[in-house]
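Please keep the structure open beside you while you read.

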Amino acid sequence: MINVLFADDHEMVRIGVSAYLSAQPDIDVIAEADDGTEAVTLALKFKPDIILMDLVMKKMDGIEATRRIVEQWPEAKIIIVTSFLDDEKVYPALEAGATSYMLKTSKASEIAKAIRATHEGQSVLEPEVTGKIMTKMRSTKAPGLHEQLTGREKEVLRLMTEGKTNQQIADELFIALKTVKVHVSNILSKLEVHDRTQAVIYAFNEKIYLD
């Protein structure tokens with residue numbers, strides 16, 4: 001079962017989505033929060049597999065809640081579920097540590113798919129979000145950063161673009177998990193990005209996964 005914490009200040013939204021998700025054979029909503037402060041408390045208490053996080057909530061917004069959770073629990077997998085696509089929401093949410101970004105206009109079945117994909121180590125982004133990030137990276141990243149990558153690092157990055165987890169990469173390349181983590185860290189540093197999601201988007205943007 002994929003245990004989920006759902007944080008949203010709209011009770012009817014929580015009731016509807018939680019009912020759908022809990023009816024799935026592999027998903028269980030184990031806790032709900034109606035504000036960011038409660039979301040942080042419950043996340044650190046229950047350590048759920050996935051956290052669904054609204055952005056605009058009372059007491060503490062979803063961006064700050066995401067940041068605090070990730071600071072204390074770096075392995076947290078957080079899916080932003082919001083109505084907002086403006087730059088001042090998207091970029092800070094991803095920089096705070098969100099893994100995936102969905103819109104509330106998405107069908108409940110699409111959110112369920114995003115939960116499963118994120119749980120497997122993938123990042124799920126709305127097409128509009130991907131477009132925004134790619135545009136920003138084109139305007140801010142110097143060309144040729146990927147030329148600093150070694151051959152092995154490009155192999156690791158290629159597998160990252162396929163949604164493989166660190167353990168799956170280690171198994172496929174017949175190397176230690178610790179070695180994969182070192183490669184991933186080097187890749188993020190050389191590409192001047194903060195997380196795997198941005199590294200994957202950079203790879204697709206520059207088409208270096210085809211090298």
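Is E192 buried, partly exposed or exposed?

1. E192 is partly exposed, its relative accessible area being 49%; buried is under 20%, exposed is over 50%, and partly exposed lies in between (1.4 Å probe, protein chains only). You will find E192 in the loop between α9 (177-191) and α10 (196-206). Helices (H or I, at least four residues) and strands (E, at least two) are DSSP runs, numbered from the N terminus. Although E192 is not a glycine, its phi is positive, about 60 degrees.

2. A word on what you are looking at: this is a predicted model, where local features need pLDDT of at least 70 and side-chain atom pairs count only at pLDDT 80 or more, while totals for chains, interfaces and linings use all residues. Residues are numbered from 1 along each chain as its sequence is written, and side-chain values use heavy atoms, with hydrogens and water left out.

3. K47 is another residue to look at for its backbone: it is not a glycine, yet its phi is positive at about 50 degrees. Most residues other than glycine have a negative phi. K47 belongs to the loop between α2 and β3 and counts as partly exposed because its relative accessibility is 40%.

4. Now for the sheet. Its 5 strands form an open sheet in the order β2-β1-β3-β4-β5, with parallel pairing; two strands pair if DSSP finds at least two bridges between them. β2 (27-33) and β5 (100-103) stand at the edges with a single partner strand each, so one side of each has no neighbour in the sheet. From one strand to the next, the twist averages 25 degrees. Strand β1 (residues 2-7) runs parallel to β2 and is joined to it by 6 bridges; F6, for example, has E32 in β2 as its bridge partner.

5. Do have a look at D54, in the loop between β3 (50-53) and α3 (62-72). UniProt, in an unreviewed entry, places "modified residue: 4-aspartylphosphate" at D54; UniProt positions follow the numbering used here, feature names are shortened, and annotations may be inferred rather than shown by experiment. D54 counts as buried because its relative accessibility is 3%. Leaving aside neighbours within four places in sequence, D54 is in contact (heavy atoms within 4.5 Å) with A7, D8, D9, G62, V81, T82 and K104.

6. Finally, a side-chain detail: the charged end of K89 sits over the ring of F84, 5.5 Å from its centre. This label requires NZ of Lys or CZ of Arg within 6 Å of the ring centre and within 35 degrees of the ring normal.

Technical notes: Axes are lines fitted to C-alpha atoms, for helices over the stretch in contact, and angles run from 0 to 180 degrees between N-to-C directions.
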